[in-house]
Amino acid sequence: MPLAESNKRGYNSGSDCVAEAKVVEPRNYPDPGQPEFCGRCTTKMEPVERGGRPRPVCPQCGWTYFARPAFGAAVLIEVEEKILLVRRGHDPYGGWWMLPAGFVEYDEWAAETAVREALEETGLEVRLSKLYGLYYGSDDPRNPSHLAVFHAEVVGGQLRAGDDAAELGFFSPLEIPRNIAFHGQRVAIAEWIGTKLGTLVDPAGYGEND
Ligand SMILES: [Zn+2]
């Protein structure tokens, strides 16, 4: 993984335990959604400066493509000083662990996504108690993504791995696996560990083998 000094963009979550100085920028993938041809009239797109950066613009009808990051939502479910993680069943990061999470659908609010993903992946019905933090990562080849992490309490359901989760587990701060999927998730989880242990925790330590 190519390492570069962080510009500290997007790591603020209100916690004092962010190891900002050691955070490294993950790789940036090219936008897989950038169109070669106009989505409206099929003319070949041309790069034109619009709003401060070059964007694909249709010379025929003028349609402009604006690349946008995705938005994800996750739940931080803490029971007896342990948090619930799911092991991913598929790539990217197949076999790696993360907070239950998913992409916000076009017509969804992030809080609804968090509740829906918790049920789909863990079988648990949850109630969100507060926003834990807002994170960002560009190491997902599908899209750079912001991630809203919510504190959540279990109010029903039955724990079982569902959807694309291969396995579930509750982990104490010292038991957290060293292969946490996605940079934003690593920063969020490192903050939680740091809060519990009262120390700074480097999120890069949870992306081993990356
Ligand atoms: Zn066009």
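Trainee: In what order do the elements of the protein chain run from the N terminus on?

Mentor: In this predicted model, the order is β-β-β-β-β-β-α-β-β-β-α.

Trainee: What share of the residues in the protein chain is buried, and what share of the contacts joins residues 24 or more positions apart?

Mentor: Of the 210 residues, 34% are buried. Among contacts with a separation of 6 or more, 61% link residues 24 or more positions apart.

Trainee: Why is strand β4 called largely enclosed?

Mentor: Strand β4 covers residues 82-88, and five of its seven residues are buried, so the rest of the structure largely encloses it. The cut-off for a buried residue is 20 or more other C-beta atoms within 10 Å of its own.

Trainee: How many bridges join β4 to strand β3, and how many join β4 to strand β5?

Mentor: β3 (residues 70-79) pairs with β4 in the antiparallel sense over two bridges. β5 (residues 97-98) also pairs with β4 in the antiparallel sense over two bridges. Since the requirement is at least two, both counts meet it. Opposite isoleucine 83 of β4 stands glutamate 78, and valine 86 has methionine 98 of β5 as its bridge partner.

Trainee: What is formed by β3 and β4, and which residue in the turn has a positive phi?

Mentor: The two strands form a hairpin with two residues between them, and glutamate 80 in the turn has a positive phi of about 50°. Most residues other than glycine have a negative phi.

Trainee: Where is tyrosine 93, and why is it called buried?

Mentor: Tyrosine 93 lies in the loop between β4 and β5. Tyrosine 93 has 20 C-beta neighbours inside 10 Å and therefore counts as buried. The phi of tyrosine 93 is positive, near 65°.

Trainee: How do you know that the peptide bond from aspartate 91 to proline 92 is cis?

Mentor: The omega of that bond is near 0°. Proline 92 is in the loop between β4 and β5. Most peptide bonds are trans.

Trainee: Why is phenylalanine 182 called buried, whereas proline 173 is called partly exposed?

Mentor: Phenylalanine 182 has 27 other C-beta atoms within 10 Å and is therefore buried. Proline 173 has 17 and is therefore partly exposed. The phi of phenylalanine 182 is positive, near 75°.

Trainee: Which residues does proline 173 touch, beyond those up to four places away in sequence?

Mentor: Proline 173 touches Ile193, Lys196 and Leu197. Its C-alpha atom is separated by 9.0 Å from that of isoleucine 189, 16 residues apart along the chain.

Trainee: How do you know that the span of α1 is close to the expected one?

Mentor: α1 has 13 residues and reaches 18 Å from its first C-alpha to its last, close to the 18 Å expected at 1.5 Å a residue. Its buried residues include Thr113, Ala114, Val115 and Glu117. The buried residues of α1 pack against β3, β4, β6 (101-103), β7, β8 and β9. Glycine 123 follows α1 and has a positive phi, near 80°.

Trainee: Which residues touch the most other members of the largest nonpolar core?

Mentor: Val75, Leu76, Met98, Leu99 and Val149 do, in a core of 41 residues. The elements that give two or more residues to this core include β3, β4, β5 and α1. α2 gives the most, with six residues.

Trainee: Which residues is leucine 99 in contact with, leaving aside its neighbours within four places in sequence?

Mentor: Leucine 99 is in contact with Ala74, Val75, Leu76, Leu85, Val149, Gln185, Ala188 and Ile189.

Note on methods:
Residues are numbered from 1 along each chain as its sequence is written. This is a predicted model: local features need pLDDT of at least 70, side-chain atom pairs count only at pLDDT 80 or more; totals for chains, interfaces and linings use all residues. A residue is buried if 20 or more other C-beta atoms lie within 10 Å of its own, exposed if 12 or fewer, and partly exposed in between; C-beta atoms are placed from the backbone. Helices (H or I, at least four residues) and strands (E, at least two) are DSSP runs, numbered from the N terminus. A nonpolar core is a set of buried Ala, Val, Leu, Ile, Met, Phe, Trp, Tyr and Cys residues joined through C-beta atoms within 7 Å. Two residues are in contact if their C-beta atoms, placed from the backbone, lie within 7 Å. The expected span of a helix is 1.5 Å times one less than its number of residues.
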